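Reader: Please set out the grounds on which the features of this model are named.

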Amino acid sequence: MASMEEDGSVEEKDNNNKKRTKSAIAVAWLTFYNIAMTAGWLVLAMAMMRFYIQKGTHKGLYKSISRTLKFFQTVALVEVGHCAIGIVRTSVIVTGVQVCSRIFMVWFITNSIKQIQNEESVILFLVVWTLTEITRYSFYTFNLLNHLPYFIKWARYNMFIIMYPLGVAGELLTIYAALPFVRKTGMLSMRLPNKYNISFDYYYFLIIVMLSYIPLFPQLFFHMLRQRRKVLLGEIIVEKDE
Ligand SMILES: CCCCCCCCCCCCC/C=C/C(=O)SCCNC(=O)CCNC(=O)[C@H](O)C(C)(C)COP(=O)(O)OP(=O)(O)OC[C@H]1O[C@@H](n2cnc3c(N)ncnc32)[C@H](O)[C@@H]1OP(=O)(O)O
């Protein structure tokens with residue numbers, strides 16, 4: 001009996017050790033990831049400020065930062081992986097919608113359609129994303145290091161109230177500006193007849209994407225409001241799907 005208990009406790013200790021090692025690895029990875037992403041978005045902020053101070057215009061700004069933006073925004077796909085493997089307590093769907101909509105904006109709108117790169121709406125969402133991400137990644141970093149300054153926590157759970165609608169406005173206005181060009185050129189569309197017998201109209205697809213903000217955006221926004229109540233006001237939130 002005693003030996004079984006001993007065995008059990010050895011096994012339990014082993015499991016706990018494995019758990020601890022696993023979570024230590026996860027914490028180390030997340031700390032590295034969040035520091036790298038904070039640095040990346042800070043580099044973008046500085047590049048944008050330097051460009052505007054030197055040139056005195058926003059024209060050409062997107063082109064000058066596009067490589068860095070594409071890199072850091074695309075890397076954010078790993079966040080969906082973080083949720084899927086359970087190293088962060090966030091919904092895969094919420095994170096997936098947030099990250100995929102950003103990647104879509106970067107690669108399939110702004111990067112693909114040079115004619116819209118100098119629109120003011122592009123600068124609007126770029127500035128909003130940059131401020132949001134510097135705050136978000138530094139929040140995660142300091143939180144992991146157990147040294148979270150209150151102003152970062154406050155900013156993380158208050159800024160989105162203004163930043164989310166502004167970011168969405170910038171994104172929707174940019175897609176709207178792209179529509180005439182997409183219609184004129186027929187880019188990324190497939191007309192019948194073709195050897196695959198498939199028809200796809202990117203113009204109408206973009207209209208559907210714009211309409212999909214109506215049900216999806218409130219879900220993200222209310223998710224953040226619930227997080228805000230939980231973290232800043234200490235409310236216990238019972239999620240429906242839990
Ligand atoms: C094919 C094309 C399809 C297109 C479809 C289009 C439709 C799109 C509609 C919607 C469009 C939205 C567009 C968005 C625009 C903008 O971004 S505008 C700028 C303003 N944006 C924001 O303010 C972003 C807010 N959103 C987020 O912060 C996240 O992306 C989120 C996933 C929505 C919410 O974050 P979440 O992680 O759930 O909340 P937190 O409170 O921050 O964290 C919860 C716990 O998870 C831990 N955690 C999460 N990530 C990390 C990490 N990287 N490192 C360490 N820890 C992490 C966090 O600490 C929390 O843990 P606990 O403290 O233990 O709870």
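Predicted model: local features only at pLDDT ≥ 70, side-chain atom pairs only at ≥ 80, totals over all residues.

Author: Residues are numbered from 1 along each chain as its sequence is written.

Reader: What makes up the elements of the protein?

Author: Helices are DSSP runs of H or I with at least four residues, strands are runs of E with at least two, and both are numbered from the N terminus. By that rule the protein has eight helices and zero strands.

Reader: How do you know that the span of helix H4 agrees with its number of residues?

Author: The expected span is 1.5 Å times one less than the number of residues. Helix H4 (residues 92-110) has 19 residues and should therefore span 27 Å; its end C-alpha atoms lie 25 Å apart, which agrees.

Reader: Where is the kink in H4 centred?

Author: The kink, of about 25°, is centred on Phe104. The bend at a residue is the angle between axes fitted to the seven residues ending there and the seven starting there.

Reader: Which residues of H4 are called buried?

Author: A residue is buried if 20 or more other C-beta atoms, placed from the backbone, lie within 10 Å of its own, exposed if 12 or fewer, and partly exposed in between. Thr95, Arg102, Met105, Val106, Ile109 and Thr110 are buried in H4. Buried residues make up 19% of the 242 residues in the protein.
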